[in-house]
Amino acid sequence: MAIFIDPPLWPAHGTHFSHLVSDSSLDELHAFAAAAGIPERAFDGDHYDVPERRFDDLVAAGAVPVEGRVLVRRLIASGLRIPARRRNKSLKVPLLVRWEALMPGHDALFLDLLDRWSEPHRHYHGCTHLLSVLEALDLLTEPAEPPRTVLLAAWFHDAVYRGAAGQDEEESARLADERLTAAGLPATEVAEVVRLVLLTSDHRPEPGDGDGALLSDADLSILGAGPEEYARYVAAVRRDYAHIGDADFAAGRAAVVRQLLDLDPLFHHRRAQDLWQTAAQRNLEGELA
């Protein structure tokens, strides 16, 4: 049992904030916060937001300082993490922190990708989905880091999204090729990112394709959500395809669900199977019925 705090990197209200979390229970977190004089209003679902001026005295009180990514991993492992898709606040800052760790010095590319993922016609395939995939990759690779090419493929896999299956992935892959080449990445890495982005069109990695399986599992992790969250996902997908009539959407969605049920396996990594397989089977069969 421990309390963790990350560096004060989150700008707001004229200062920067840290996150304070527990790796075991919210009761432990609340008790520590109360003893340190942190107001209840600073609690945000699974963490406390604390201003930069409090960082040193919270560390002195026993909070363990860790990098932001380590803190997130600890929180996910604790089971206390509120998934990105259930959070309503702007996701620009958490996405920026992840991008800076992945591609420091490429702010223009980040802003371009953020604009794409924030397009108003996106309801499911937006920033919450992007962050959810990144968090799923963290969960599947813990305690290691996800490969850089897999993370970049996650950033680009729905960067172009118009609701045209197959075509969207092809255009997203071309965008990755152009932008990452311009950013100076080695050609071999760019080619791997392109390959991984294209793989998300059917989620059928070849046997032995560990990185492809990793991205595929993370992209489909929503299928293993609880019933209410899964219902919200289906409703958001329907809004993504608002330009299609009800009958055509129902037929197309049923075909997609059948394709997913036909995947053998649906999830490839053992940890993904343990986390999501049973619920995903239940959700997909229930939707089809």
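Let's start with D240: leaving aside neighbours within four places in sequence, D240 is in contact with H121, R122, H123, Y124, H125 and Y161, where contact means heavy atoms within 4.5 Å. D240 lies in helix α11, residues 227–240. Helices here are DSSP runs of H or I with at least four residues, strands are runs of E with at least two, and both are numbered from the N terminus. At 5% relative accessibility, D240 counts as buried; buried means under 20% relative accessible area, exposed over 50%, and partly exposed in between, with a 1.4 Å probe and protein chains only. From D240 to L284 there are 44 residues in sequence and 19 Å in space, C-alpha to C-alpha.

Before I go on, a word on what you're looking at. This is a predicted model, so local features need pLDDT of at least 70 and side-chain atom pairs count only at pLDDT 80 or more, while totals for chains, interfaces and linings use all residues. Residues are numbered from 1 along each chain as its sequence is written, and side-chain values use heavy atoms, with hydrogens and water left out.

Is D138 buried or exposed? At 3% relative accessibility, D138 counts as buried. Beyond its neighbours within four places in sequence, D138 is in contact with R69, V72, R73, I76, R98 and P146.

Helix α4 (residues 92–102) and helix α6 (residues 127–141) pack at an angle of about 45°, with axes 11 Å apart. That makes α4 oblique to α6. For reference, axes are lines fitted to C-alpha atoms, for helices over the stretch in contact, and angles run from 0 to 180 degrees between N-to-C directions. Under 35 degrees counts as roughly parallel, over 145 as roughly antiparallel, 65 to 115 as roughly perpendicular, and the rest as oblique. α4 passes α6 in a left-handed crossing, that is, with the near helix turned anticlockwise from the far one by less than a right angle; clockwise would be right-handed.

Who makes the contact? On α4 we have P94, L95 and R98, and on α6 there are C127, L130, L131, L134, E135 and D138. By class, the contact of α4 with α6 has 6 nonpolar, no polar and 3 charged residues. Nonpolar covers Ala, Val, Leu, Ile, Met, Phe, Trp, Tyr, Cys and Pro, charged covers Asp, Glu, Lys and Arg, and the others, Gly among them, are polar.

α4 has another partner in α7: their axes come within 11 Å and cross at roughly 140°. That makes α4 oblique to α7. The crossing of α4 past α7 is left-handed. Here L95, R98, W99 and L102 of α4 meet R148, L151, L152 and W155 of α7, and these divide into 6 nonpolar, no polar and 2 charged.

Finally, the cores. A nonpolar core is a set of buried Ala, Val, Leu, Ile, Met, Phe, Trp, Tyr and Cys residues joined through side-chain atoms within 4.5 Å. How many residues are in the largest one? It has 62, and those with the most contacts inside it are L95, W99, W155, F156, L180, L223 and L266. Helix α6 gives the most to this core, with 8 residues. There is also a second, separate core of 14 residues, including F32, A36, I38 and Y48.
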